[in-house]
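Here is a structure to look through with a few questions in hand. Each answer sets a value against its definition.

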Amino acid sequence: MSVAQTLPLIVATPLFGAAVLVGAGRRLPRYAAEMLGCLFAAGAATLALCASAATPSSTARPVEWLGGWRPHGGASVGIVLVGDRIGLGLAALVSLLALAALAYAWRYFDEPPRRHAGSFPALVLLFQAGMCGFSLTGDLFNAFVFFELMGVVAYALTGYRVEEARAVQGALVFALVNSLGAYTTLLGIGLLYARTGELGLAQIGSALDAHPGGPDASVIASFVLVVTGLLVKAAAVPFHFWLADAHAVAPTPVCMLLSGVMVELGLYGTARVYWTVFAGPGGIPAPAAHRALLTLGVLTAVLGAVMCWQQRHLKRLLAYSTIAHTGMFLVGLAVLTPEGLGGVALYVLAHAGVKAALFACVGILLDRFGSVDELQLYGKGREHRWAGALFGVGGLALAGLPPFGTALGKAVIEEAAGGWATALCVLVSAATGGAVLRAGARVFLGLGPVPESAAAESRPADDNDNADADAADAAEETTGKEEEPETRGGRLSRIPDSMLVVPTALLAGALAVGLVPALHTGIGRAADAFTDHAGYLTAVLYGRSAEPAPTPPPHWTMAGVLWGLLATALATALALSAVRRPERREPTRWAMPLRRLHSGHVGDYVAWFLAGITLLAALVV
């Protein structure tokens, strides 16, 4: 079987597995359904890894036209899957993280009687299939279909605990904002079809290249609309409001997937659409695309870092950290060079492991103590030394400690984007990593003064205490106190081995990303091919491949190591300084305007969605 023939199986394997679990789940014992889910996820991961390894070179693009509907004279009506190394690598990452989430959730949920054993693993496999299909498709409309399959399943997974009102509310916010993004994407696809008469990425790019006079109004509008939908999934400012609300209510294994790969797929889609469709002479000029991506990237990084530092709800803290790192990824993409894309690819690969591991550790706290409130959990994690060590290592990796892959990716982005980007990346990494280290120091080490909210649990409460607590909670966002455990049977008396093995393996993978030179070289060559607009069109439409001019692959530099060490030192200093200060009864005054923006009201989020489209259009024009 050729590499091209393997591509449909990467998508079909989890789809088939989901169908099997839906059909037979009621008749299977829970352990059998969970085992089947892991086997199908692992099967897709194996296929993606084998296809990537069997690809003749990093610049090759295996193409499979489903049903044999190959193009004639550059025109085609067939469905095409394109297996370049970036797409195959992302499909492999998606599948491995789906496997990790299923393994972490092994015999996890206390399911109501009306749900059968295969419901959760079937949803995860559908989610995996949608993400793999989006990574490999060479057709813009099919990309939309896969993206919406992924979005619908993510909505169901976010509100999986449908018996809880908060889960339903968070899922509805997720669904509404992402549905608006879907409508704009579909409208943009319609404009491109009206302009070119094509839906394939290569065909649209070729049609636009035939009119090299620059973009007209329909091309600009289609770019803005399509990219808006993708940036909603990527949680870029000001389309980001849904992310923290969804993470606060979604089950922990789902959070691992949302922050680990789904957000990054929005960035991948933005890069794919730009380089295949709009990077030619008839598309969007490079200065306009650079200006739009850079502006949104800086705004996203700064706002995410500030909001991350302000959180005490650990899931929200990690969600805003994801937003901050999305901003850094956008800065890397905005360079519009193979070097910038290579740095982003490395960063995404390592960040997925680190962020999923951190969510796994938070899940342990939730299911052991029924809380994800940093202050309420003060000192309670002392007995869980391994989980505490994993959480601390994850915080250091998030801050950019060499030799983790996050540090290498950050260093490459800094070098590609220029001097000012170094200051931005160092500060954002220090703030997000420092917030994680601060929480770890309080929860697992018991450093600093005992917070009043934690001290109140050790003494009888009176009416004044209750009134003060109610007033404080009303003045701030969800703190994460008194959450419902997700594991079967309520709070854990012992942490299952699977809940510790999974984050350990994920952090080991993030470390390996920074230590394997062959991986760096392969990603560099794959980035060269990904950004080769003419090469993609030629490979898909005419079956010919050409080697683009090589660029230096991502590599460690002394400056990158030093900046990574500086960011880690700043993160540690910020964390130690924060835990030594007494608990604040009120949020920081200068941050109150930002906190008010995140009101939780859907109407406000829709208004910001419309403002974001306007901003993006103004930046492109």
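**Helices, loops and a helix pair**

Helix α8 (residues 217-234) has 18 residues and spans 25 Å from its first C-alpha to its last, close to the 26 Å expected at 1.5 Å a residue. This is a predicted model: local features need pLDDT of at least 70, side-chain atom pairs count only at pLDDT 80 or more, and totals for chains, interfaces and linings use all residues. Residues are numbered from 1 along each chain as its sequence is written, and side-chain values use heavy atoms, with hydrogens and water left out.

Q: What makes residues 217-234 a helix, α8?
A: Helices are DSSP runs (H or I, at least four residues), while strands are runs of E with at least two, numbered from the N terminus. Helix α8 has 18 residues.

Q: Why is Val 219 called buried?
A: Buried means under 20% relative accessible area, exposed means over 50%, and partly exposed lies in between (1.4 Å probe, protein chains only). Val 219 has 1% relative accessibility, so it counts as buried. Its place is in α8, where 14 of the 18 residues are buried.

Q: What does Val 219 touch, not counting residues up to four places away in sequence?
A: Contact means heavy atoms within 4.5 Å. Val 219 touches Arg 195, Leu 208, Phe 278, Gly 282, Gly 283 and Ile 284.

Q: Where are the cis peptide bonds described here?
A: Most peptide bonds are trans. A cis bond joins Val 237 and Pro 238, with omega about 5°. Pro 238 lies in the loop between α8 and α9 (241-249). The bond from Pro 402 to Pro 403 is also cis, with omega near 5°. Pro 403 lies in the loop between α14 (385-399) and α15 (405-417).

Q: Why is α9 called largely enclosed?
A: Nine of its nine residues are buried, so α9 is largely enclosed by the rest of the structure. Among them are Trp 242, Asp 245 and His 247.

Q: Why are α10 and α12 called roughly parallel?
A: Angles under 35 degrees count as roughly parallel, over 145 as roughly antiparallel, 65 to 115 as roughly perpendicular and the rest as oblique. Axes are lines fitted to C-alpha atoms, for helices over the stretch in contact, and angles run from 0 to 180 degrees between N-to-C directions. The axes of α10 (residues 252-278) and α12 cross at roughly 20° and come within 11 Å. The two helices are therefore roughly parallel. Contact residues include Val 263 and Leu 267 of α10 and Phe 329 and Leu 330 of α12.

Key. The expected span of a helix is 1.5 Å times one less than its number of residues.
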